[in-house]
Amino acid sequence: MIEYLRKLGITAIELMPVHQFVNDHRLIERRLRNYWGYNTIGFFAPHQAYASIGRQQVQEFRAMVKALHAAGIEVILDVVYNHTAEGNHLGPTLSFRGIDNAEYYRLNEKDPTFYVDYTGTGNSLNMRSPHSLQLIMDSLRYWVNEMHVDGFRFDLAATLAREFYEVDRLASFFEVVQQDPVVSTVKLIAEPWDVGPGGYQVGNFPPLWTEWNGRFRDTTRDFWHGAPATLAEFASRLCGSADLYQDDGRRPVASINFVTCHDGFTLSDLVSYNQKHNEANTEDNRDGENHNRSWNCGVEGPTDNPEILALRARQRRNFMATLLLAQGVPMISHGDELGRTQRGNNNAYCQDSELTWVDWDNVDEQMLDYTRRLVALRTRHRTFRRRRFLTGRPVRREAGTPLPDAQWFAFDGRPMAEDDWECDFGRSVALFINGDGIRERSPRGELHTDDSFLLCFNASEIMLEFVMPAAEYGEKWQVEFDTSNTSDDDPVVVAAGGKIAVPARSLAVLIRKV
């Protein structure tokens with residue numbers, strides 16, 4: 001598995017919850033299991049069932065981390081400190097409820113028999129309590145100091161900022177994390193929402209934090225399936241979401257970009273289903289999100305229609321390319337590069353079965369190779385991994401007129417005007433990214449330089465001929481990637497002012513050749 005990750009070009013893995021958890025009684029009654037693990041009861045113990053040998057889970061976990069580190073791969077844990085497995089007032093007494101119920105849980109002030117629930121799981125930890133804060137911080141330090149992990153992704157992190165009612169970025173939790181000499185030095189990633197009032201907090205976490213950028217996910221999905229009035233926001237998400245993170249001093253790396261994750265459709269299902277199909281969860285398809293921003297490309301579910309299959313494959317490549325070429329930190333959901341499907345189930349938390357397992361016998365080799373090549377392109381070129389936001393302002397150049405670090409063009413070659421951005425039906429745009437415009441310096445103080453690129457996005461239903469920019473931007477352009485073409489034909493080269501055909505719903509990536 002490590003060799004597979006290395007060949008793919010992965011530099012960090014985010015493990016879903018590994019803290020000791022229990023199966024919900026209602027799942028056991030339905031002969032299902034908690035597959036995801038978001039039901040923690042032991043914040044200091046690796047889940048025993050994940051060990052291959054008896055009670056060796058601690059030793060095995062440490063060995064795993066050591067092996068991943070030796071391969072140059074960081075380990076980030078998805079941690080669930082917002083609630084515990086004891087559930088609501090009808091749940092079992094397993095630990096904290098029996099020790100000090102009022103200290104560890106938010107209770108209803110009018111009737112303390114009941115719990116305040118910002119998580120949708122029955123209870124919420126009491127973030128006003130020093131005991132809850134100590135529990136969380138001791139646990140975090142343990143996993144860094146003793147297990148040597150590199151960071152954490154905090155599930156429903158908005159709940160951790162609710163000392164009283166509203167989400168407060170000055171909450172005690174943020175303060176103790178900021179001051180902790182151990183925890184403040186590792187990667188801190190927020191899932192910046194919960195299910196309580198005002199819980200959607202994308203862009204509002206403190207400067208030390210990075211965030212799962214839900215707006216990147218939503219806008220990218222909307223753009224590629226043709227939703228109206230998405231062009232301007234799509235451009236912002238592609239450039240690192242400065243509107244969300246720049247005002248408090250954060251950098252593009254604050255944006256953890258993703259299109260899919262464990263919660264929702266897989267990438268294959270995103271382009272194959274308009275509706276969720278969660279019947280296997282035995283809740284009459286009532287569970288799971290109803291608004292998925294998905295598009296089945298004309299047929300719901302499996303099909304033998306070659307045109308629809310080709311369109312779905314192209315859409316998957318469009319999503320993967322957008323993710324890996326955007327500024328910020330890309331997060332790939334496991335198996336998306338392989339064509340993994342859950343047959344339309346968008347809430348597979350209780351499916352420890354072939355529905356959720358990776359089918360290694362039916363790998364989409366073409367998609368896997370495409371993803372590997374995209375990751376390699378990103379790795380080679382700092383142009384796509386900037387540590388400062390693009391500004392559109394002119395930057396230095398060894399010869400000729402200074403060019404902006406980024407410039408947007410309409411498909412006909414003219415710079416984008418305000419009216420172009422405000423058009424509800426805009427479906428195409430080109431982005432010039434200047435390799436000479438990288439503002440950060442090397443450890444020796446030298447300014448970085450890289451190749452320049454032109455990204456041509458066509459989410460419309462018709463083929464468009466994109467006009468290359470004037471010669472000052474580049475004399476020649478060579479196609480590096482074309483999501484409409486997976487063959488190994490000789491690369492296409494286009495001169496300044498020339499045209500390149502970009503088919504409907506596809507993306508072309510061109511590199512400047514001087």
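In this predicted model, strand 5, which covers residues 151-154, pairs with strand 6, which covers residues 187-190. The two strands run in the parallel sense, and four bridges join them. One of the residues involved is Arg153, whose bridge partner in strand 6 is Ile189. In general, the strands of a sheet pair through backbone hydrogen bonds, and the pairing may be parallel or antiparallel.

The discussion now turns to the spaces within the protein. How many cavities of 30 Å³ or more does a search of the whole structure find? The search finds three. The largest cavity holds about 50 Å³ of space. Among the residues that line the largest cavity are Val259, Leu267, Phe319, Met331 and Asp336. Helix 11 (residues 306-325) provides the largest share of this lining, namely three residues. By class, the lining of the largest cavity consists of seven nonpolar residues, two polar residues and one charged residue.

Two or more lining residues come from each of helix 2 (25-29) and helix 7 (214-224). Helix 7 gives the most to the lining of this pocket, with three residues. The lining of the second largest pocket divides into 15 nonpolar, 20 polar and 14 charged residues.

Helix 7 is also the place of Asp218. Is Asp218 buried or exposed? The relative accessible area of Asp218 is 16%. Residues under 20% count as buried, and Asp218 is therefore buried. Leaving aside residues up to four places away in sequence, Asp218 touches Tyr200 and Arg293. Asp218 and Asn292 are 74 residues apart in sequence, while their C-alpha atoms are 8.7 Å apart in space.

Two further residues deserve attention for their backbone angles. Most residues other than glycine have a negative phi. Ala229, however, has a phi near 55°, a positive value in a residue that is not glycine. This residue, Ala229, lies in the loop between helix 7 and helix 8 (231-238). The relative accessibility of Ala229 is 54%, so Ala229 counts as exposed, given that the exposed class begins over 50%.

Thr282 likewise is not a glycine, and its phi is positive, at about 60°. Thr282 is found in the loop between helix 10 (267-270) and helix 11. With a relative accessibility of 45%, Thr282 counts as partly exposed.

Technical notes
Residues numbered from 1 in each chain as written. Predicted model: local features only at pLDDT ≥ 70, side-chain atom pairs only at ≥ 80, totals over all residues. Heavy atoms only, no water. Pairing = 2+ DSSP bridges. 1 Å grid on protein atoms, 1.4 Å probe; cavity = no way out; pocket = protein on both sides within 12 Å on 5 of 7 lines; lining within 4 Å. Points joined across faces, edges and corners; volume = space filled by probe spheres on them. Nonpolar A, V, L, I, M, F, W, Y, C, P; charged D, E, K, R; others polar. Buried < 20%, exposed > 50% of the residue type's maximum accessible area, 1.4 Å probe, protein only. Contact = heavy atoms within 4.5 Å.
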